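Here's a quick briefing on how the pieces of this model hold on to one another. Take a look at the structure first, then read on.

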Amino acid sequence: MDFNDSPEEATYRAKARAWLEAHARRRTDGGARGMAVADGSNLGEAKAWQALKADAGYAGITIQAPYGAGGTPIEAVIYRQEEGQFEVPFGVYEIGLGMAIPTVIAHGSDAHRDRYVRKALRGEEIWCQLFSEPAGGSDLAALRTKGVRDGDDWLVTGQKVWTSGAHYADYGILLVRTDPSRPKHKGLTMFIVDMKAPGVEVRPIRTMAGSAEFNEVFFDNVRIPDSDRLGEAGNGWNVAISTLMTERMQAGMGFGFVSAHDVLRLARRYGQDDALITQRVADFWINDQALKLLSYRAQTSLSQGGFPGPEQAVNKAIEAAQGQQAAYFCMDLLGAEGALAAAEVGEHWAGVETSWMWASAMRIAGGSDEILRNIIAERVLGLPGDPRPDRNTPFNELKH
Amino acid sequence: MNFDFSDEQKMFADQVRRSLADTCTMKEVRTVLESSTGLSRATWKALAELGVLGAAVPEERGGAGLGALELCAAAYEIGYALAPVPFVASTGVCAEALRRYGNDSQQEKWLPLLAEGSAIGTHALSSGGSTLRMEGGRISGRARLVPYGVQADLALMQADSAGGTVLILVPLNGAGVTRKSLMTLDPTRPLADLTFEGVAAEILPTGNEDAVATLVDGAAILLAFEQVGAAQRALEMAREYALQRTAFGFPIGTYQAIKHKLADMFIKIETARVHAYWGAWALSVDAPDLPLAAAGAHLSASDALRFAAQENVQTHGGIGFTWESDCQFFYRRAQADSLAFGPSQRWRERIVGALSAQAA
């Protein structure tokens, strides 16, 4: 048992750190760097940084050569750990390069790989992921956006929702129902869609935090050539599952919610020190530390050539819920003044307010707390799936 | 990065598991629970024969010369079997104290006996309320809540002396020792009050004012492995029942009310497991973070086992509350172990103290 890099890993880390030192400024705030969603306000800066990374071989580290750097998952983890300590743009490319492009590589043709991957890695083209719908979030396979074959093309009509970055994305991977006469999981197909194509309309969603990172995307007879299909028609569910599996590789990203250290610092700042604070701070720290240790465990598995399994669901289940509880506790420290906005309290309070708001979102996004528990129960513990009476019925015979 | 036990350590643990599956069945646990023996001699003997009790004892003292990681890996299996044995008190505290701080003659006398299981060690480091006074090599006074105090042959305790507080070794089988067995919530975790009247004792030359704290940290980490092992067993028991018991036309494990309960057990167990692993590492290298790691391991493991034990009863429904159900073993053990090293708030204070020091 040890926490040291192997010699190869240490060399890689030193090289990455030296490159970052040469090209970016080290952060001084110390915390995690926040959620991998961006409103797009830093687009120019993000694009410039991405091009720099691509030239140095730090974009798409695990993506196979000649498209990407052809590195190992552990190298990607090491780079992410190092980059997290620097002041660099974050959030524009995480979904595209973490989920969409691996899907294009795995299920697309050589022509797709040649056309899209390099530009995406260089940041010249931004990708989004169009899966969730008003009719299907947790029950993704209930989606209704329909694709109808029309000669060499497909005509797509319907609506997606919660699409991060759709308002600045150039392309997306799009899951569509192409055969409603088959059961819900069987009649789906995955496509590459040009977000600037006629009939695509992006409308921002204003979140309860007041910001607009997510969108609704409407498709009105959008023409997609059959050559932009990813995988066989009717095999879209399996393609989507492989996309969602790559999400697990993003292990240990962290949301940057208030930590036990933050809670303790704020308590001291407000002159509070009692048994309740001791109790809550210690319990928050136990979870903070567990998340760090769980990421070591995932890193160990990657380091030994393994792949983190469904047990990774534990991480987000702990982290998002704790963000909410820690924020409540901080606000309670202020008593009646806890009702004030950070804009009123001061800059030191921004993290508390962000955690309070965004923990709510993160308990839902990327697998809700409830879906995570289903994953643990069914895929780790081997308990039966939920009753799914709609599973084998043709989709167009289901009641909607 | 290798945050895992080695293949050899895993093989060692696997041997322990297979042996305990034979010797320490739930029936054996029940026999101890329903008797006043306090421990399973057969299980203790099996652990001695496997080399578990002497794993960290040097070879020249009758042990295997391995280390803390082997003890931790074995502790998990001991907990998984709910083995009613004084592993933490005897091997984790008493033998470790001798190994770390004992002089040659003390080591020579006691370590081989502890390693082969023919002597049982215990301690009074965690109970508080002890009032022992040492004068002219003899002690008098009382030690409260000594684990396995009736069953043990040797105790590690603290006593006041003219030269200050000393760590002492006291054989318990001679004259002048009175032992009073106490009724415990978990009869497989016996406690006793010991009274001493002019009993010969030897000072353990620690030369280290953190000696007691280090021993308690190490013991708390070993106990955490036992707790995580027991919690894992409770989860498996609940899972098995949830697959087999049918209600409203389906196995109850089909329903989210049960599935999510079991997932919550898993989340707490994995939280405790990684803390215990970190503790094992800290113990194996005597890391400066050992006090923090011990606190994290002890608190998270206590939480995990309590939760797993209580929700195992809940998953079983009414049958889980009967005497004949094995659910009670976990429920009792969880409560006993969570208090084995003092109140949880003291451990939390230690975490916050460490965080404050880091921030300063």
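B:Glu77 is buried, at 7% relative accessible area (buried means under 20%, exposed over 50%, partly exposed in between, with a 1.4 Å probe and protein chains only). Its partner in a salt bridge is B:Arg17, at 2.7 Å from N to O (a salt bridge is a side-chain nitrogen of Lys or Arg within 4 Å of a carboxyl oxygen of Asp or Glu).

A word on ground rules: this is a predicted model, where local features need pLDDT of at least 70 and side-chain atom pairs count only at pLDDT 80 or more, while totals for chains, interfaces and linings use all residues. Residues are numbered from 1 along each chain as its sequence is written, chains are lettered from A and ligands numbered from 1 in the order in which they are written, and side-chain values use heavy atoms, leaving out hydrogens and water.

**Salt bridges**

- Over all chains, a search of the whole structure turns up 47 salt bridges.
- B:Arg17 is partly exposed, with 30% relative accessible area.
- B:Arg348 pairs up with A:Asp283, with the closest N and O atoms 2.9 Å apart. This pair crosses between chains, running from helix H11 (residues 344-359) of chain B to helix H8 (residues 275-303) of chain A (helices are DSSP runs of H or I with at least four residues, strands are runs of E with at least two, and both are numbered from the N terminus).
- On the chain B side, B:Arg348 is buried at 13%, while A:Asp283 is partly exposed at 27%.
- A:Asp5, A:Arg13, A:Arg17 and A:Glu82 are joined in a salt-bridge network.

**Domains 2 and 3 of chain A**

- Chain A is assigned domain 1 (7-121), domain 2 (127-246) and domain 3 (251-380); bounds like these come from an automatic or database domain assignment.
- The C-alpha centres of domains 2 and 3 of chain A sit 31 Å apart.
- Eight residues of domain 2 of chain A touch seven of domain 3 of chain A (contact means heavy atoms within 4.5 Å).
- The two bury about 570 Å² between them, 77% of it on carbon and sulfur atoms (buried area is the accessible area, 1.4 Å probe, that two parts lose on being put together, summed over both).
- A:Ser138, A:Met208 and A:Met245 supply 62% of the area that domain 2 of chain A buries against domain 3 of chain A, more than any other three residues.
- Between these two domains of chain A, the salt bridge count is zero.

**Domains 2 and 3 of chain B**

- Chain B is assigned domain 1 (7-119), domain 2 (122-203) and domain 3 (211-359).
- Taken over C-alpha atoms, the centres of domains 2 and 3 of chain B are 29 Å apart, and the contact takes 11 residues from domain 2 and 13 residues from domain 3.
- About 900 Å² is buried between domain 2 and domain 3 of chain B, 59% of it on carbon and sulfur atoms.
- Three salt bridges cross this chain B interface.
- B:Arg189 forms a salt bridge with B:Asp337, the closest N and O atoms being 2.9 Å apart. The two are 148 residues apart, with B:Arg189 in the loop between strand S6 (177-182) and strand S7 (191-200) of chain B and B:Asp337 in helix H10 (residues 327-338) of chain B.
- B:Arg189 is buried at 11%, and B:Asp337 is buried at 3%.
- B:Arg189 also meets B:Glu226 in a salt bridge (2.8 Å, N to O).
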